[in-house]
Amino acid sequence: MSRASDFAAEAPAPLRAIRAPSRLASLGRWFAEPGVVAAAPLALLMLGGFLGPLLLVVVFAFMPGGTFSILQVPTLANFVEIVANSYYLSFLASLWLAALTVVICLVVCYPVAFAMVRVFGRHGSILALLITAPLFVADNLRLMGWVLFLVKGGVVSGSLQTWFGIEVDSMLYTSGATLFGLVYIYLPFMLFPIIMGISMVPEQMREAAFDLGATRFQVLREVDVPLAMPGILIGSLMTFILAAGSLTEARTLGGNAVTMIAMDIQKEFGFAQNWPKGSALAVLMILLAGALAVTALKRIDLDLIFGRK
Amino acid sequence: MNSTGRGVRFLYACLIAAFLLLMYLPMVTIALASFSRTRYFRFPIPAWSTNWYAEVFESLSIRNFFWTSVIIAVLVGLISTALAFFGALAFARYRWKGRKLFQKIVILPILFPQAVLGLALLLWFTAIGITPSWQTAVFAHIVWIAPITTLIIAIQVYSFDPAWEEAAFDLGATRLQVLREVTLPILTPGLIAGFFSAFLLSWANFPLSMFSSGADQTIPGWISAKVQAGYTPQVPAVGTLTMLAAAVIMGAGYGLVVLQARRRARAEAAG
């Protein structure tokens, strides 16, 4: 897939009727536009570093098991095996945990974001800084912090034991601990979009609703949530996809109590050295992320969210 | 709006405080664990010690991982910011056919699980015949970080008035001159914020490095390997140092942005 053909579809339609040279000329003009020139480096990076690799994964998914070349006869064997040997179970487990993560993150983040924008808006930048900072500390390090906090003899069980004489077992290595880890890691990914969404709701609109006699709940349901929806949607989408494809949380806190799809993919690419099967599993993830992202991005005007016009 | 009474305000303050506590609790725990004398973490900590820090500073291998992480982060910061400067102009400023599609494609890597992206990139590198090393890690980081940097700078691009550029064009400036004399200075705060965010996100990245850095380990990679292969309080000690470094760099970035804003305000007041 070359870059030119990728964007040629965007050329103005009427040009199709005109002779080829002028069509070429208009394509040439398009390439000279400042927007196209400025976009080119990043677009090429996305092509060579994101779309290309994912396309290769898709191609590998149709190769016979165990091969390291894409020049084989395509086959559906990997997908048949995924269904026949219940490999899809890890995918379903990932989806289920991701859905729970989204619900919990939504419930936690909406009031926090609301407080940050509407109640403490004046301190917004310092609060945003405080909430951004954890993102600059490696996920696996922060999860290790939770391990030390929750492990038997750690902060929780150690203090309960020493100061209250209560014996508690380790709270780790369960599916609940995995869920906790996912919620913890992806909270900021839900919070920021919701903050942006809530900031998009005009204050006058809320005041007008109150003046017209709406109750707090009615304002929430009829004004706040619908108008903040683009942010809520992006946050949920991002949290869901990232949680579904996560690796470290289930391993560090969950102690492999739940097998996530990313763990299966890693196993096939790693120990098992079966690229086609790992690719087929990864295709499930790509399809999920792609379908969700495309549907959501269709409804969302990015100019509106980031430009706040 | 004054309909939020004092009681409600207090409740909201408690909520934010609880949220921040949750966010920072594991980091505080790590800092605590780094001062434990015993090899295995127990709480309350029976004996304190700073020996693990001494060991960390003496270790040559940790120094190596540190420099690998720094080099990757600096390169990722510089390249991402350069790409994102133009990317953000194409994203938010210029009107061109294909812009909406470009916006969506740029968002996609942020909406994709990093571990799976890392594995896809590993497959990609291997298929092309490139042996994973710190250079491929730089590339992998940029694929994910440049879009984020683009969004950070784009937010600033949206808020700047195109009239400034048009005025410069009317006065006879060339496109390059406008870019250098008008656009770049106006966007400087966004570029600083973008560079520091890119640096720090790379500094803290684990999932992409894990699959794309080959034999060259970064600090988060070392931490992960050490947790599996034999925990000692060196791990939280290194962790605490990386957090301190991130805090200092973040503070420096924030200070620079504030300084820049003040300088401009003064210049505008004077001129």
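## Helix packing in chain B

Helix axes are here lines fitted to C-alpha atoms over the stretch in contact, and the angle between two of them runs from 0 to 180 degrees between their N-to-C directions. On that basis, in this predicted model, helix H3 (residues 60–93) of chain B and helix H8 (residues 175–203) of chain B pack at an angle of about 145 degrees, their axes being 8 Å apart. The crossing of H3(B) and H8(B) is right-handed.

On the H3(B) side, the residues that meet H8(B) are Ser69(B), Ile72(B), Ala73(B), Val74(B), Val76(B), Gly77(B), Ser80(B), Thr81(B), Ala84(B) and Phe85(B). Their partners in H8(B) are Leu187(B), Leu191(B), Gly194(B), Phe195(B), Ala198(B), Phe199(B), Ser202(B) and Trp203(B). By class, the contact of H3(B) with H8(B) holds 12 nonpolar and six polar residues, with no charged residue taking part.

## Chain B as a whole

Chain B contains 11 helices and zero strands, and its C-alpha atoms fill a box of roughly 70 × 65 × 35 Å when taken along the principal axes. Of the 271 residues in chain B, 46% are buried.

Leu244(B), which has its place in helix H11 (residues 234–270) of chain B, counts as exposed because it has 11 C-beta neighbours inside 10 Å, where the limit for an exposed residue is 12 or fewer. Between Leu244(B) and Gln260(B), 16 residues apart along the chain, the C-alpha separation is 24 Å.

## The interface between the chains

The contact between the two chains involves 78 residues of chain A and 78 residues of chain B. Helix H3 (residues 34–61) of chain A supplies the largest share of the side of chain A that touches chain B, namely 18 residues. Sorted by class, that side of chain A comprises 56 nonpolar, 15 polar and seven charged residues.

## Two domains in chain A

The domain assignment of chain A gives domain 1 (1–62) and domain 2 (79–307), and the C-alpha centres of these two domains of chain A lie 34 Å apart. Five residues of domain 1 of chain A are in contact with seven residues of domain 2 of chain A. On the domain 1 side of this contact in chain A, the residues divide into five nonpolar, no polar and no charged.

Helix H13 (residues 261–269) of chain A is largely enclosed by the rest of the structure, because eight of its nine residues are buried. The buried residues of H13(A) are Ile261(A), Ala262(A), Met263(A), Asp264(A), Ile265(A), Gln266(A), Glu268(A) and Phe269(A). The cover over these buried residues of H13(A) includes H5, helix H12 (248–252) and helix H14 (275–299) of chain A, together with helix H5 (114–128) of chain B.

With helix H5 (residues 88–119) of chain A, one of these covering elements, the axis of H13(A) comes within 7 Å and crosses at roughly 145 degrees. The contact is made by Ser90(A), Phe91(A) and Ser94(A) of H5(A) and by Ile261(A), Met263(A) and Asp264(A) of H13(A). By class, the residues of this contact between H5(A) and H13(A) are three nonpolar, two polar and one charged.

Gly176(A), found in helix H9 (residues 175–199) of chain A, counts as partly exposed because it has 14 C-beta neighbours inside 10 Å. The C-alpha atoms of Gly176(A) and Gly254(A) are separated by 7.6 Å, although the two residues are 78 residues apart along the chain.

## Confidence

The model scores ipTM 0.91 and pTM 0.90. Chain A averages a pLDDT of 87, with 93% of its residues scoring at least 70, while chain B has a mean pLDDT of 91, with 98% of its residues reaching 70 or more.

Conventions. Residues are numbered from 1 along each chain as its sequence is written. Chains are lettered from A and ligands numbered from 1 in the order in which they are written. This is a predicted model: local features need pLDDT of at least 70, side-chain atom pairs count only at pLDDT 80 or more; totals for chains, interfaces and linings use all residues. Helices (H or I, at least four residues) and strands (E, at least two) are DSSP runs, numbered from the N terminus. Ala, Val, Leu, Ile, Met, Phe, Trp, Tyr, Cys and Pro count as nonpolar, Asp, Glu, Lys and Arg as charged, and the others, Gly among them, as polar. Domain bounds come from an automatic or database domain assignment. A residue is buried if 20 or more other C-beta atoms lie within 10 Å of its own, exposed if 12 or fewer, and partly exposed in between; C-beta atoms are placed from the backbone. pLDDT is the predictor's confidence in each residue, from 0 to 100. A crossing is left-handed if the near helix is turned anticlockwise from the far one by less than a right angle, and right-handed if clockwise.
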